[in-house]
Amino acid sequence: MFLFQPPPPTRYDLRFSIAGIPVRVHPLFWLIALLLGSSADLIQLLIWVFVVFVSILVHELGHALAMRRYGQPSQIILHFAGGLTVPEPVSWGSGWANVSMRPNQEIFISLAGPGAGFLLAALVVVGATISGGSIVTNWLFGVIPLPVAALMPIGGRVLSLLLTMLLWVNVFWGLINLLPVYPLDGGNVSRYLLLQADPIDGVRKSLWISVIAGGLVAIAGLLILRSIYMAILFGLLAFQSYQSLQRRAGI
């Protein structure tokens, strides 16, 4: 999936590490974040870029820490399509190899990314409430709480915007990431669940689910959310899953 392949390093990459996990930020990451927030004023734009950076980094840290739990080192790459947690080889005999994961471990690693974002959102809610603020919430489909605004008595407009965006990105994007569309986290979970239920045909079934779900989300993104970005992204993901089906049929 070309959208989720590590981009080659550049001289302009930002590099650092968190808890011993290497992080590389490709320059196109900043450009896409700016473009996605291009309709905002300068203050909103700066807050938006910061929130996108922190939220995606936290998401990928969830994956990386889950991998570390099973003995798999990794590095985090933030790029134009979001973020990637890339396994790194470990010393094995006279060579190098990646750690082999069981399906349930792969599922845990996939869920750890959105889970880290939900935890960050929960901490924001607790912090805002303790500080005397309030969270305005809508209910998605009548069952899923979706925060739409944080109203803070301190910090003025900047703090309220910051917390509102943190909540929105980590809850909304976290839910989107759990959709059964490959190679999003929900698509990986769907694949490993189906593989356990049907080792022979599980991958093909997961790809068909990915095609259908991706197409539906692309249509909903365009018609309901008025998001061209979401329509294009999920349309591409659905098409790539369909291509994978065609290649499997050819094999």
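**Salt bridges and their setting**

Mentor: Salt bridges connect Asp-13, Arg-15 and Arg-24 into a network; a salt bridge here is a side-chain nitrogen of Lys or Arg within 4 Å of a carboxyl oxygen of Asp or Glu. The structure is a predicted model, in which local features need pLDDT of at least 70 and side-chain atom pairs count only at pLDDT 80 or more, whereas totals for chains, interfaces and linings use all residues. Residues are numbered from 1 along each chain as its sequence is written, and side-chain values use heavy atoms, with hydrogens and water left out.

Across the whole structure, 5 salt bridges are found. Helices (H or I, at least four residues) and strands (E, at least two) are DSSP runs numbered from the N terminus. Asp-13 has 12% relative accessibility and therefore counts as buried, as does Arg-24 at 5%; buried means under 20% relative accessible area, exposed over 50%, and partly exposed in between (1.4 Å probe, protein chains only).

A further salt bridge brings together the side chains of Asp-41 and Arg-157, at 2.7 Å from N to O. Here 116 residues separate the partners, with Asp-41 in the loop between helix H1 (27-36) and H2, and Arg-157 in helix H4 (residues 156-177). Both are partly exposed: the relative accessible area is 34% for Asp-41 and 46% for Arg-157. Asp-201 and Arg-204 also meet through their side chains, at 2.8 Å from N to O, and Arg-204 is partly exposed at 36%.

As for the nonpolar side chains, the largest core has 41 residues, of which Phe-29, Ile-76, Leu-78, Leu-163 and Phe-234 touch the most other members. Helix H2 (residues 42-69) contributes the most to this core, giving 10 residues. Such a core is a set of buried Ala, Val, Leu, Ile, Met, Phe, Trp, Tyr and Cys residues joined through side-chain atoms within 4.5 Å. Leaving aside residues up to four places away in sequence, Phe-29 touches Val-52, Phe-53, Ile-56, Leu-78, His-79, Phe-80 and Gly-82, contact being heavy atoms within 4.5 Å.
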